[in-house]
Structure formats: C-alpha cells, structure tokens
Number of protein chains: 2
Amino acid sequence: MTATVESVDPRTGQVVEVVAHEFTPDEVNASCEAAAAVAPALDDAGPRGRARMLRLMADELDTDGDKIVELADRESALGETRLRGELARSSFQLRLFATVLDDGGYLNVTIDHADPDAAPAPRPDLRRMLVPLGPVGVFGASNFPLAFSVPGGDTASALAAGCPVVVKAHPAHPATSERCAEALRRGAVGAGLPAEVLGIVHGGPAGADLVRHPAIRAIGFTGSVGGGRALFDLAAARPDPIPFYGELGSLNPVVVTAAAAAERADEIAVGLLASYTNGVGQFCTKPGVVFVPSGAGGQNLRAALADGTRGYQPGAMLAERIRDGFRAGADARIGCTGVTLLAESPVPDGAGFFAPARLLGVAARTLLDGNDLPTIFDECFGPLTVLVEYADDAELLATLAHLPGSLTATVHAGANETPTAVVDLLRPRAGRLVWNGYPTGVAVAWAMQHGGPYPSSTDSRSTSVGTAAIERWLRPIAYQSTPPRMLPDALQEANPWQLPRRVDGVLQLP
Amino acid sequence: MTATVESVDPRTGQVVEVVAHEFTPDEVNASCEAAAAVAPALDDAGPRGRARMLRLMADELDTDGDKIVELADRESALGETRLRGELARSSFQLRLFATVLDDGGYLNVTIDHADPDAAPAPRPDLRRMLVPLGPVGVFGASNFPLAFSVPGGDTASALAAGCPVVVKAHPAHPATSERCAEALRRGAVGAGLPAEVLGIVHGGPAGADLVRHPAIRAIGFTGSVGGGRALFDLAAARPDPIPFYGELGSLNPVVVTAAAAAERADEIAVGLLASYTNGVGQFCTKPGVVFVPSGAGGQNLRAALADGTRGYQPGAMLAERIRDGFRAGADARIGCTGVTLLAESPVPDGAGFFAPARLLGVAARTLLDGNDLPTIFDECFGPLTVLVEYADDAELLATLAHLPGSLTATVHAGANETPTAVVDLLRPRAGRLVWNGYPTGVAVAWAMQHGGPYPSSTDSRSTSVGTAAIERWLRPIAYQSTPPRMLPDALQEANPWQLPRRVDGVLQLP
C-alpha cells in the first residue's frame with residue numbers, strides 16, 4: 001500500500017479528506033509517457049491554437065472560481081480576499097501568455113538569406129526559430145496554491161511554449177491541485193487538444209521520479225533550498241542533464257538610508273510591516289533583513305515597526321512543517337550573538353499552525369565582527385525580519401558585501417539622494433531592484449524579472465514571473481537551405497503569421 | 001616544479017619549444033581575481049566602448065596574421081589555406097559582435113510604465129534589460145586553434161556581453177594561444193580598457209580550478225564527452241552552480257533517400273567525401289553516419305565514396321592523443337557485428353600523427369537486431385564515416401529513432417520529395433537541419449544555431465556560433481519605480497542609445 005495524500009486544514013490541524021495516494025514509479029512513468037504522447041499535438045496546434053487553449057483554461061478557472069477559492073482557503077488559510085486575487089492573477093497569467101502567442105515575438109525568428117559573396121565565406125540560406133523542449137515537470141509551491149501551483153506561471157508559460165506539463169502537486173493543497181487540474185483539462189479539451197497536456201502526480205518520491213524521467217525535458221520548481229538543491233542535483237546527474245529552474249529561497253534585503261529614515265520613518269515602517277507579514281510572511285519576496293541607520297530617524301523607524309508588530313494578528317501558517325521550520329529559524333536567529341527581540345506579535349489559541357511574528361535587531365558591527373552572518377543572511381520563511389543597525393556608510397557597505405543572491409534588493413533613499421555605492425553592491429546580488437517600495441507584490445508583466453543569483457534561483461538567466469518565463473521551455477533550431485515545402489509556417493518567406501523577424505541582420509516589425 | 005607546456009609539431013611528433021608551465025592553483029586564482037577586478041570597467045564601457053575594443057582586437061589579429069598562421073600551422077598541421085580562413089573568420093566574428101553591440105537589440109530592453117488601473121493589480125514602473133554575468137572561463141578547442149580558441153567565438157561573444165574571459169589554452173597549441181592573447185590584449189589597451197579582460201591559463205588541473213573558482217560565472221567548452229562531462233559535473237556541484245555551455249561530441253547523421261541516391265549519387269559522394277575528411281575529419285560537424293538506401297542508387301553512392309576514400313591523402317592529426325583515440329575508435333567500429341571496411345586511404349610515412357581515413361559499411365537490419373548501435377552512434381573524431389544500408393523506409397525510420405542528440409542532421413532528398421517522417425524524427429535530435437547539403441562549414445551569422453540536444457551540447461537552449469552566442473553570458477535585471485537619475489542609460493525613457501524596445505507590450509524600432 002502506498003501512503004495516502006491528505007487534505008489538512010491549517011486553522012485546526014485536522015485532516016479533512018483523503019485526496020489521493022502517493023504515486024508509484026509506474027504511475028509517474030505513465031503520466032510522463034502520456035505527456036510525451038501528446039507533445040506533438042500541442043506543438044502542431046501552433047501559437048494560435050495554444051492561445052485559444054490558454055484563454056479557455058482561464059475561463060474554466062474563473063467559472064469554477066468559487067469552489068477553487070473555497071478549497072484553497074481550507075487548505076492554505078490564506079483567506080478569501082488574497083485567494084480571489086490569486087485566482088484573478090492565475091487566469092490573467094494564462095490570458096497574458098495567449099497575448100504573447102498572438103504577438104509571436106517569442107519565437108525569435110531570424111532569417112539570413114543565402115549570400116555567395118558573404119564574408120568571410122559564402123553563406124547558405126539560414127532560418128532560425130525557437131521550438132518547444134518537450135514535456136516539462138512543474139513543482140507546485142506551498143505558498144501560492146494557485147498562482148505558483150497547478151494553474152500557475154510555470155504551467156501557463158510551459159503550455160504556451162508548447163510543452164505538456166506534469167505537475168508534482170504540493171502536499172499542502174492536494175484537493176485544490178486536483179480541482180484546478182480538472183478546470184485546465186476542460187479548457188484543453190474545449191480547444192480540441194488532449195486532456196493529457198496537463199498531468200498531475202502526488203508524493204515526495206514521485207517528485208524525484210519526475211525529475212529523472214527520460215521524457216521530461218526541463219523542471220520548474222519553487223520551494224526550499226534543501227529540497228530544491230537535491231532535485232537540481234538529480235537533474236544535473238541525469239545521463240542527459242536537463243534545465244532546472246528552481247527558486248530556492250531569498251533574503252530580499254532592504255536598505256534604508258539615513259536621509260530616507262529622516263524623511264519617512266513612519267511611512268517606511270507601515271510599508272515594511274505590511275510587506276514582512278503579508279500572507280503570514282510566506283512570500284519568496286518577503287524582506288528578511290532591513291538595514292536601518294543609527295540616529296533619530298532609524299530609532300523612529302524601529303519603534304514604529306515594533307509597535308506595528310505587537311499589534312499584528314497572525315493567521316495560521318500553511319502547514320505544520322512550515323510552522324515548525326519557522327519557529328526553529330526564529331529561535332536560531334534569536335540565539336545569535338547580539339540579536340535582540342525588538343517585538344513579538346500575539347498568537348491565537350488553538351490547534352492550528354500558528355506562530356508569533358517577530359521583529360529582531362542586531363548591530364552591523366556585531367555581525368561583521370562575529371560568525372553569525374550566514375545565519376542572519378539565510379532565508380527564514382515566515383513573519384520575521386531582522387533590523388541591522390549601521391553606524392555609518394562604511395559599516396553599511398561592508399555588511400552589504402556579504403549578502404547572498406536574492407530575488408530582490410530594495411533601496412529607500414532621500415528625495416534627491418543618489419546612493420550609487422549601495423546600488424553597485426546590490427545590483428550583482430539581485431534580479432529586481434526596488435526603489436522606495438517593497439519587494440512583495442510581483443507584477444505579472446512584460447518587464448518583470450523574478451529570479452536572481454543563487455540561491456534565490458538556480459538559473460539567474462531566467463524568470464518565473466512575467467512574459468519572459470516562456471523562454472525557459474524553448475530551444476533554437478536552424479533550417480539550412482530548406483525548400484519552402486519543408487519549412488514551418490513561422491519561417492516562410494511570406495511571413496504568414498505576421499511575426500516580428502530579424503532578416504539579414506535587421507529587426508523588422510510585421 | 002610544475003610540468004612544462006610544450007609546443008609539438010604534429011607533422012614530426014617533435015617538441016619545438018617550451019611555451020609555459022602548468023598553472024598552480026594560486027596562479028589560476030590570480031588570473032580569475034584579475035578578471036573580476038576589471039569586470040566593472042568592461043561593463044561600464046558599454047556597448048559602444050566594447051564595440052570599439054572588439055574592432056581593435058580584430059585589427060590586431062589581422063596585423064599579426066602571418067605570424068599567427070605560421071604558429072597555428074606548426075602546432076596543428078591544418079595547413080595555411082585553412083588557417084588563413086580561420087583567422088579571417090575569427091576577426092570577422094569579433095567585428096560581427098561589434099555590430100551586435102551597435103544594434104543593441106541583444107539587451108532585450110523592456111519597459112512597462114506604471115499603471116494604477118492594470119489588471120489584475122496596479123503595476124509599478126518596471127524596466128528590464130540584460131546585464132553581464134561576470135568573468136567567464138573558456139576552454140580552447142583542439143581542432144580550431146583560432147576560431148574556437150583564444151580569439152574564438154566564446155571569447156568574442158563573452159567580451160561583447162561585457163564579461164572578462166579567462167581562457168584555458170588547449171595543450172595542442174599553446175604558442176598560438178599566447179600569441180593570440182597578446183594581440184587581443186593590445187586591442188583592449190588600444191580601446192582604453194585593461195589588458196586583464198583576457199586572461200590565459202595552462203594545464204589540465206588549471207581547467208578544473210577555473211571551473212570551480214568563485215569569481216567565474218559561466219563556462220564555455222568545446223571538447224570530448226568524457227572531459228566535458230567531468231567539467232560540467234564540477235560546475236553543477238559548486239556551492240553556487242554556474243551555467244556550463246559544453247559542446248561535447250556529435251554524430252551528425254546524414255539521410256540519403258532512395259530518390260536522392262537515384263538522382264545524384266556521384267554528386268553526393270563527392271560532397272560527403274569532402275565533408276567527412278575536411279580538416280582530417282576533425283570537425284564537430286563531421287558526418288559520422290550516413291543512411292544509404294539499398295538498390296542501384298545506393299550502390300553507386302557507396303562505390304563512388306569508396307573510390308574517393310582510397311584516393312584521399314590524409315594530413316597529420318592534431319595531436320598524438322587524438323590520433324590514438326581515432327585509431328581505437330575506428331578499431332572498435334570495425335569490430336562490431338556485420339561492419340565491413342569498404343575503403344581505406346593510404347597513410348604517409350614518418351613519425352607524425354597520421355592515421356588512414358576509413359569508410360565503413362553495415363546493414364540497418366544488423367544494427368537493429370544486435371547490440372552495437374551505441375558504438376556506431378557514438379562520435380569518432382577523425383576521418384571516418386559509417387554507411388548504414390537500409391532496405392526500406394520502415395527500416396530507416398526504426399534506425400533513426402535510436403539516434404542520439406547531434407549538432408546537425410542532414411537530409412538529401414529527391415527534387416520534389418517531402419520526407420516528412422524522416423524530418424519529424426531528426427528535428428528533435430538536432431540543432432541545425434541541413435537540406436541537400438553537408439554539415440561541415442558553419443556560417444557565422446544571425447540565424448546560425450550550433451548546439452543540439454545532449455551530448456552534442458550540455459545546453460541545447462544556447463548556441464556557440466552566430467550572434468545569439470552573446471545570450472549565454474547575460475542575465476536579466478528589472479528596475480522597479482526607479483528615478484531617472486538612478487537608471488542605466490539603456491533604460492532611460494528618452495532611449496539615448498536608440499535601442500529596439502518592447503514598451504507596454506509593444507515591440508518598437510528606434
């Protein structure tokens with residue numbers, strides 16, 4: 001007998017229903033083979049056919065929205081408002097990738113006509129475009145039961161690219177995962193495509209089997225450094241290594257300059273409180289460390305943030321394991337030399353997965369002189385942030401030089417300040433630089449970048465949010481001297497799909 | 001004492017001079033640190049400054065061309081004509097990347113203006129572009145002492161991207177490597193940039209040290225499956241894994257349809273002979289297996305190719321180890337069940353690194369029924385190809401389904417034939433599809449793709465030849481809500497660099 005997969009209510013800690021069982025290797029194999037079997041159909045549908053599919057999938061999600069949000073709330077305790085927003089984001093994301101397909105620029109069509117006089121040697125006709133990698137595996141995230149799980153950005157971008165998806169459902173929300181998968185499959189079938197473009201598997205061992213399966217050509221993952229790195233290592237150790245797009249953990253440092261603290265201490269405190277406790281601190285973009293100046297402005301900021309923390313009412317965390325991990329992480333930080341507990345929130349009674357929000361403080365000098373930098377600069381997933389007090393710019397810059405890679409880095413500066421030295425240290429360490437703002441709240445847009453240097457991402461060349469996410473599931477192919485009858489539509493001279501193209505070195509709009 | 005690095009003449013097998021010594025870990029460290037120290041200067045130079053540098057580097061290579069070609073010929077035995085062409089290709093490549101920098105499209109500038117009414121949530125101002133990864137390591141290839149070594153495509157594309165390069169010189173041509181490095185450094189200094197944008201290290205252990213060095217952010221490699229996979233594994237096992245662009249070995253299958261053999265047997269034989277013996281068969285794009293129909297057309301092709309092979313005069317191979325590896329590979333294939341030696345070339349006398357060219361034959365049926373497919377479908381680096389005789393389309397397609405990933409796949413078809421089933425099997429297995437042509441001779445162009453599924457490349461999403469090679473050394477970064485005074489020039493609203501951009505979802509030409 002394989003283990004059952006249970007749906008647990010984090011607010012009560014109780015099992016509500018048994019949703020599935022952990023998949024055996026044979027069952028994972030069947031899911032992957034089914035995905036491989038329908039890959040040609042998804043590719044042949046072309047951008048137009050897949051755009052239609054994505055829009056129908058979005059419609060099906062919206063239509064079943066009430067039930068999906070109800071299930072997601074029961075399994076995540078994130079609340080209806082947040083989850084309605086997440087559902088809207090998920091269906092928006094599917095429709096945005098339909099727009100990407102309509103545009104067609106993602107195909108990167110490049111044509112060099114034959115040129116017998118070309119330097120340094122005669123050139124044949126060459127036509128290059130991007131094609132789908134093949135079936136991909138996607139790991140659902142604990143903290144986004146919708147927008148980073150079955151109907152999330154990895155799934156939307158991979159299907160848009162023409163890659164069937166096998167999702168490894170997150171154990172924190174198996175019922176939501178199954179319900180969403182059904183909606184997406186209805187959308188596929190409605191568009192005349194096979195339901196098997198979207199598969200789903202359950203269980204930890206199934207995840208490892210998925211990464212190792214020969215038919216799987218790439219992996220999208222969001223989760224912990226430990227689990228993610230183990231799967232990355234599996235992907236790299238395959239006889240044929242495959243791309244592994246893992247988002248493993250992020251510190252998201254925030255620097256508040258002395259001028260900013262003097263100008264806007266209260267405003268920044270309000271923003272930081274909302275950002276570090278948003279979703280019970282369970283965001284990959286949660287600010288985990290804030291550099292605050294000593295002096296009056298910094299003291300005001302610290303005091304206001306401590307007040308806010310004491311008044312915060314934490315919701316239940318996503319799962320027991322996540323709550324326990326958060327408690328351990330908080331304790332480890334409190335145990336570091338010179339760290340003080342500046343404030344703590346109340347915690348509700350009951351058997352749910354609760355833990356207090358915590359605001360910690362430490363001096364930059366203490367960190368520089370001691371051995372605790374790696375602990376303080378590690379991700380702590382949950383409602384906790386560390387205020388690092390710096391005496392002057394030299395101390396600030398010396399401490400920033402130790403920061404690991406992060407998804408984001410944020411600067412709060414004075415009205416006309418140009419803190420170039422700070423930005424020069426943050427830029428190589430982040431995928432997104434936020435100015436006078438807060439790192440949580442990741443817009444789904446053409447210009448978004450969500451993925452920074454390791455460990456925030458295993459592949460800083462890629463993004464998991466925004467339209468460029470489609471690039472992760474494609475590879476180039478060139479056709480040399482190929483007659484029109486054998487060329488794909490996208491490479492035909494007459495440009496029947498009206499694509500932007502680079503022709504003989506010159507970018508052309510359709 | 002560390003081991004010396006000797007320059008050997010392949011035509012005589014004699015050591016001509018001692019060029020360097022194998023680098024110690026401290027020396028590799030110094031080279032990598034020097035590269036890291038100049039990385040900001042190379043980035044700050046911007047596309048315009050780096051374009052100027054690349055053009056001066058090309059000029060310096062051309063100016064020193066006589067001496068470089070003389071050294072390269074002495075160390076590779078590839079002959080003056082080929083090496084003059086390779087030099088021209090190398091300086092052309094540097095100038096082509098200068099054009100890529102002038103164009104600026106490679107920066108992928110994307111701007112989404114702030115939109116408080118955006119769905120599904122208000123959107124801040126977001127501006128995304130690509131930035132250099134940092135210093136990169138490049139491994140010179142044995143078979144291209146210029147175009148895939150110190151002044152080759154990896155170096156040109158990485159410098160263009162803004163990444164300093166540390167080259168691990170190939171032991172087959174250390175003197176050429178040093179001479180070319182000096183020319184490139186003169187070009188850098190002439191453009192007002194530090195000579196250290198181009199470093200060079202010698203010795204096998206130095207290569208491993210280079211891959212592991214914390215300052216190195218990506219690797220470009222061309223070489224054997226064994227050595228390349230070992231270095232790929234080192235890169236993936238780092239505390240912070242880095243991209244490894246390895247081109248490890250390629251079979252480059254050629255399919256000749258029955259119609260093509262009937263129409264053009266002699267012509268195809270002439271082309272194949274030139275392609276499989278070009279550069280003494282030492283090309284990553286050498287056709288290693290040719291599918292030939294049974295019947296009169298196929299017989300004619302086989303006979304003509306056997307005649308040509310018997311008349312071919314092989315030059316010396318690049319190095320003793322390569323010659324020995326080729327002999328062993330040829331013997332292993334001749335030892336396979338059903339394989340016959342159709343023809344063999346003469347071999348010159350003397351102590352140089354010579355080996356005969358060989359044309360082998362085997363029946364597709366024998367391969368399908370036996371256990372030798374993995375041996376026949378493995379790369380054999382040198383002047384050897386295997387003609388696989390197929391009785392009918394079913395036998396052909398069944399055999400093609402076993403092909404590994406290759407850089408290229410070639411189809412020779414009849415004048416109006418549409419061999420769709422063949423192409424459908426080849427396309428997922430290749431980076432470039434060649435129609436009625438030959439895989440050797442890789443044009444340096446915007447639409448070139450040189451990199452196919454594993455093992456031909458460790459990253460089929462990338463190319464090592466053509467303008468898209470620059471993409472390998474870049475990562476995206478997004479600026480959120482950033483005031484103009486803190487934005488890079490490339491992201492300024494007024495578009496001072498006149499870049500193609502995608503603004504609010506719409507691609508715009510400057």
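Good morning. Strand S17 of chain A, residues 474-480, is mostly covered, with 7 of its 7 residues buried. Here, buried means that 20 or more other C-beta atoms, placed from the backbone, lie within 10 Å of the residue's own. Strands are DSSP runs of E of at least two residues, helices are runs of H or I of at least four, and both are numbered from the N terminus.

A word on provenance. This is a predicted model, in which local features need pLDDT of at least 70 and side-chain atom pairs count only at pLDDT 80 or more, while totals for chains, interfaces and linings use all residues. Residues are numbered from 1 along each chain as its sequence is written, and chains are lettered from A and ligands numbered from 1 in the order in which they are written.

In a regular strand, side chains alternate between the two faces of the sheet. Both faces of S17(A) are covered: Leu474(A), Pro476(A), Ala478(A) and Gln480(A) are buried on one side, and Arg475(A), Ile477(A) and Tyr479(A) on the other.

Which strands does S17(A) pair with? Strand S4 of chain A, residues 126-132, runs antiparallel to S17(A) and is joined to it by 7 bridges; pairing requires that DSSP find at least two bridges. In this pairing, Leu126(A) stands opposite Gln480(A).

Turning to the interface, 59 residues of chain A are in contact with 59 residues of chain B, contact being C-beta atoms, placed from the backbone, within 7 Å. The largest share of the chain A side, 6 residues, comes from S17(A). That side divides into 32 nonpolar, 15 polar and 12 charged residues. Nonpolar covers Ala, Val, Leu, Ile, Met, Phe, Trp, Tyr, Cys and Pro; charged covers Asp, Glu, Lys and Arg; the others, Gly among them, are polar.

Finally, chain B. An open sheet of 5 strands has the order S7-S6-S5-S8-S9, with parallel pairing. Strands S7 (198-201) and S9 (244-247) of chain B stand at the edges with a single partner strand each, so one side of each lacks a neighbour in the sheet. Within this chain, strand S5 (136-139) and strand S8 (218-222) run parallel and are joined by 3 bridges, with Val136(B) opposite Ala218(B). Thank you.

Conventions: Buried ≥ 20, exposed ≤ 12 C-beta atoms within 10 Å, placed from the backbone. Contact = placed C-beta atoms within 7 Å.
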